[in-house]
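Thanks for asking me to look this one over. Here are my notes, in numbered points, for you to follow alongside the coordinates.

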Amino acid sequence: TTAAGTLRARRASARGAIAVWLMVLFALVVAMIAVGGLTRLTDSGLSITEWRPLTGAVPPLDAAAWEAEFEKYRAIPQYELVNEGMTLAEFKVIYWWEWGHRQLGRVIGLVWALGFAWFLIRRAIPPGWTGRLLGLGVLGGLQGAIGWWMVASGLTGTMTSVASYRLAIHLGLAFAILGLIAWYVFALRRSEADLLQARRRRVPALMRWGTVLATVAFAQILLGALVAGIDAGRSFIDWPLMEGQIVPPEPLAIEPVWRNFFENAGLVQFNHRLLGYILLVLAVVAWIASRRATSKGLRFAFDSVVGMVLIQSALGVFTVWNAAPWHIAIAHQLGAVLLFVLILRARFLALYPPEERIARA
């Protein structure tokens with residue numbers, strides 16, 4: 001009995017430590033998203049033409065190794081069609097961007113593996129959490145495989161960049177992992193007893209609004225990846241119109257028609273704008289609905305969501321007006337991270353409203 005009680009106490013006290021570990025992973029994934037965005041904006045993603053999960057951690061160490069890597073890059077379409085004549089010094093710049101991106105992925109995997117092993121060996125993982133934490137590692141490994149699948153799309157034929165739909169899948173999975181980590185942190189920072197009591201106070205209407213906003217925001221993130229994948233953000237730089245029109249010219253010019261939704265810069269950007277307007281309207285309606293909530297913390301959560309939607313919308317407009325320079329584009333991407341997490345937090349608080357404390361005079 002004493003041993004069982006000690007184990008329960010250890011697992012309860014470890015919730016905070018596991019939450020800290022997950023917050024470190026969260027910060028690393030956010031950094032990974034930012035570095036990935038910069039890798040895309042600098043056209044560096046195809047500079048490393050092989051996938052070597054272990055040995056690839058070691059960069060070229062001498063002139064012969066650098067020349068061998070450069071020779072591999074000179075054999076792909078991006079060099080032949082876009083960067084012909086690039087010097088070795090210029091190649092090193094894009095190589096280091098992609099190498100850093102992949103190295104950060106290895107660091108994330110190592111931090112996850114060491115943390116998971118530490119808590120597992122010490123039998124400190126709370127009941128029901130082993131599968132969830134293991135799942136994060138599985139998703140991380142899948143993300144690495146999808147990253148190579150994405151890069152491989154740009155190494156043959158006439159492709160000079162990765163396929164935009166593969167980029168969207170890669171970014172979408174990154175946000176899914178990020179969302180799971182955030183949700184787990186929200187839960188682990190409160191005791192199991194507190195969550196059980198709070199669930200009785202849940203607000204189903206605001207939970208549904210949280211689900212709707214999270215779904216639309218996730219779809220908007222995928223559309224943003226399609227915009228980035230074909231540089232559609234630099235194709236139409238006026239707002240609110242597009243070349244003086246509501247609908248861009250020739251939105252269905254590519255055959256077959258379905259390809260326009262992935263490859264037509266005008267239509268892809270138009271869809272991204274349109275869903276942004278829809279998300280803004282939905283956020284305002286959800287905010288109005290949240291005014292009836294009795295929990296001040298829950299109302300503030302939806303205040304934060306609608307405020308961030310407005311900021312993110314403004315960042316989107318500035319990105320378009322300035323033809324998507326890297327610093328504004330990355331700010332817009334990180335704004336999407338913050339907005340997505342704020343929406344998840346609002347939904348979490350609708351499911352587990354914080355206890356209101358009434359101060360007495």
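This is a predicted model: local features need pLDDT of at least 70, side-chain atom pairs count only at pLDDT 80 or more; totals for chains, interfaces and linings use all residues.

1. Gln143 belongs to helix α5, which covers residues 130–152. Is the residue buried or exposed? With a relative accessibility of 13%, under the 20% cut-off, Gln143 counts as buried.

2. What does Gln143 touch, once its neighbours within four places in sequence are set aside? Its contacts are His170, Leu173, Ala174 and Ile177.

3. On to helix α6, residues 164–188. This helix has 25 residues, and from its first C-alpha to its last it reaches 36 Å, close to the 36 Å expected at 1.5 Å a residue. Of those 25 residues, 20 are buried, so α6 is largely enclosed by the rest of the structure.

4. The next pair to view together is α2 (residues 63–74) and α4 (residues 88–121). Their axes are 11 Å apart and the packing angle is about 85°. That angle falls in the range of 65 to 115 degrees, and the two helices are therefore roughly perpendicular to each other.

5. Which residues make up this contact between α2 and α4? From α2 come Trp66, Glu67, Glu69, Phe70 and Tyr73, and from α4 come Leu88, Phe91, Lys92, Ile94, Tyr95 and Trp96. Sorted by class, the contact has eight nonpolar residues, three charged ones and no polar ones.

6. Now the backbone, where two cis peptide bonds deserve a look. One joins Trp239 and Pro240, with omega at about 10°. The other runs from Glu255 to Pro256, with omega near -10°. Pro240 sits in the loop between α8 (204–229) and α9 (260–263), and Pro256 is likewise placed in the loop between α8 and α9.

7. That loop between α8 and α9 also holds Glu243. Glu243 is not a glycine, yet its phi is positive, at about 55°. Is this residue buried or exposed? Its relative accessible area is 51%, over the 50% cut-off, so Glu243 is exposed.

8. Finally, Asp43 is another residue other than glycine with a positive phi, here near 55°. Asp43 is found in the loop between α1 (2–41) and α2. A relative accessible area of 37% makes Asp43 partly exposed.

Note on methods:
Residues are numbered from 1 along each chain as its sequence is written. Side-chain values use heavy atoms; hydrogens and water are left out. Axes are lines fitted to C-alpha atoms, for helices over the stretch in contact, and angles run from 0 to 180 degrees between N-to-C directions. Helices (H or I, at least four residues) and strands (E, at least two) are DSSP runs, numbered from the N terminus. Angles under 35 degrees count as roughly parallel, over 145 as roughly antiparallel, 65 to 115 as roughly perpendicular and the rest as oblique. Contact means heavy atoms within 4.5 Å. Ala, Val, Leu, Ile, Met, Phe, Trp, Tyr, Cys and Pro count as nonpolar, Asp, Glu, Lys and Arg as charged, and the others, Gly among them, as polar. Buried means under 20% relative accessible area, exposed over 50%, partly exposed in between (1.4 Å probe, protein chains only). The expected span of a helix is 1.5 Å times one less than its number of residues.
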